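Take a look at the chain below.

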Amino acid sequence: MTLTDTPTEVTPERLADARKAVLSSSIGAALEWFDIIVYASFAIVIAENFFPEGDQTLGLILTFATFAISYLVRPLGGMIIGGYGDRHGRKKALTLTLLLMMVGTILMAAAPTHAMVGAWAGVIILISRLVQGFSAGGEFGSATTFLVETAPHRKAYYASWQVASQGISMFLASAFGYVLFNQLSKQDLYSWGWRIPFVLGCLIGPVGLYIRARLTETKEFTDSTPHEAPIRATFTEHLGRVLTGSACVGVATISVYLILFMPTYAVKNLGVPASAAYLGGVVAGIVTMVGVPLVGRLADRVGPARVMTWAAVGALVLAWPLFAVVIASPTVPVLVVSIGILGVIMAFYFGPLPALLTTLFPRDVRATGVSVAYNVGVTVMGGIAPLVLTWLISLTGSLNAPSVYYMAVAVISLVGLAVARRRYDAS
């Protein structure tokens, strides 16, 4: 399959619909990733507020374990919400995911700490993460399908905005971290300051709902007969495509979570000021915001798989040197540049990924297939990454352990890309 299997007339109306699709999808992705990135970025603060018992490493592991558990429900959310989108429409699925995201973010913003309610604080955080994980599971596949089916041309470019919006979230979340760590006292930051980003996330949701309520369902969906059992068909007829797509997700998701892991890694292990680590996230966010749409245009010309292969090779080659340099010279400029390089790799790999995944699946199971493939990959190789990396460093005593994990994931992605191109003719 290719991105141009179904020629579409480029009209002013179709272009206007595509722009609205970009805006609505971007808001949902931005809220999803803003919530995720803020949680990961403030892991040290959250650990002390909600898991204070035991040593600091144990509290951090419990915080990341809660983060990882939320990813276990993402494939389930992708399967159920993706199937809903294939049966009842992409627009309805997108509205549902945003509503659920708002619930998860509100729970996080209002959660009482361990000092207030004891162990129940951790339970509330877990519920918040599970709701957010379930909704996020359905967001990527539904939004990507909506973008590709709405776009009259340059489908990789339009689909790439799903990723560019994550750059916006990375920029905003890291900027909040930088400002709050610099402007608030530790007491204020730990008592109430960490809630500010989550409160802002609560304000984004209603805007997104308003916009999504005014979207038009894709013509490709309305002109076709929905599959009666898209979930069953995805697993019985397209399992190979799901596994291939999941492998292709690897470098995209591990790059994101390494960038999220860097503040905790640098502060805890290298003695770098927290504000400097967040500054690196700001740089990576800017690189993603600006670079991903440009990479999308490139993917429309040479094919998503080819661009992603270049990026995966870059990740494999640069992983060890990047961490070695940061460990040898843990200064602010070195850390910021290193995170910026991770941002470039992420932009080149993640930008074309939505377009590639949509080429793997036929229209009648596209939302389900993309959702399941993406979320299995994210869960297995990305969502558990902060937990695994923290555990690996604690187990081995090697601060370069994250680079080995990164290299292993890059190899898996290169295999997935080769299969996608040769067996499924994904461009």
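Setting aside neighbours within four places in sequence, Thr-234 is in contact with Leu-239, Val-242, Val-365, Thr-368 and Gly-369; contact means heavy atoms within 4.5 Å. This is a predicted model, where local features need pLDDT of at least 70, side-chain atom pairs count only at pLDDT 80 or more, and totals for chains, interfaces and linings use all residues. Residues are numbered from 1 along each chain as its sequence is written, and side-chain values use heavy atoms, with hydrogens and water left out.

Thr-234 lies in helix 12. Helices are DSSP runs (H or I, at least four residues), numbered from the N terminus. Thr-234 is buried, because its relative accessible area is 0%; buried means under 20% relative accessible area (1.4 Å probe, protein chains only), exposed over 50%, and partly exposed in between.

Helix 12 covers residues 230–237, and its axis comes within 8 Å of that of helix 4, crossing at roughly 110 degrees. Axes are lines fitted to C-alpha atoms, for helices over the stretch in contact, and angles run from 0 to 180 degrees between N-to-C directions. So helix 4 is roughly perpendicular to helix 12. Angles of 65 to 115 degrees count as roughly perpendicular, under 35 as roughly parallel, over 145 as roughly antiparallel, and the rest as oblique. Met-79, Ile-80, Gly-83, Asp-86 and Arg-87 of helix 4 meet Pro-230, Ile-231 and Phe-235 of helix 12.

Now follow helix 4 itself. Its 15 residues, 74–88, should span 21 Å at 1.5 Å a residue, and the end C-alpha atoms are 20 Å apart, which agrees. The expected span is 1.5 Å times one less than the number of residues. Among the buried residues of helix 4 are Gly-77, Gly-78, Gly-82 and Gly-85. Just after helix 4, Gly-89 takes a positive phi of about 120 degrees.

Helix 7 (residues 120–150) is another partner. Its axis and that of helix 4 come within 7 Å and cross at roughly 50 degrees. The two helices are therefore oblique to each other. On the helix 4 side, the contact includes Arg-74, Leu-76 and Ile-81; on the helix 7 side, it includes Phe-134, Gly-137 and Ser-142.

The other threonine, Thr-105, lies in helix 5 (residues 90–110). Thr-105 is buried too, because its relative accessible area is 2%. Leaving aside neighbours within four places in sequence, it touches Leu-31, Asp-35, Phe-198, Gly-201 and Cys-202. Thr-105 and Gly-205 are 100 residues apart in sequence, yet 9.3 Å apart in space, C-alpha to C-alpha.
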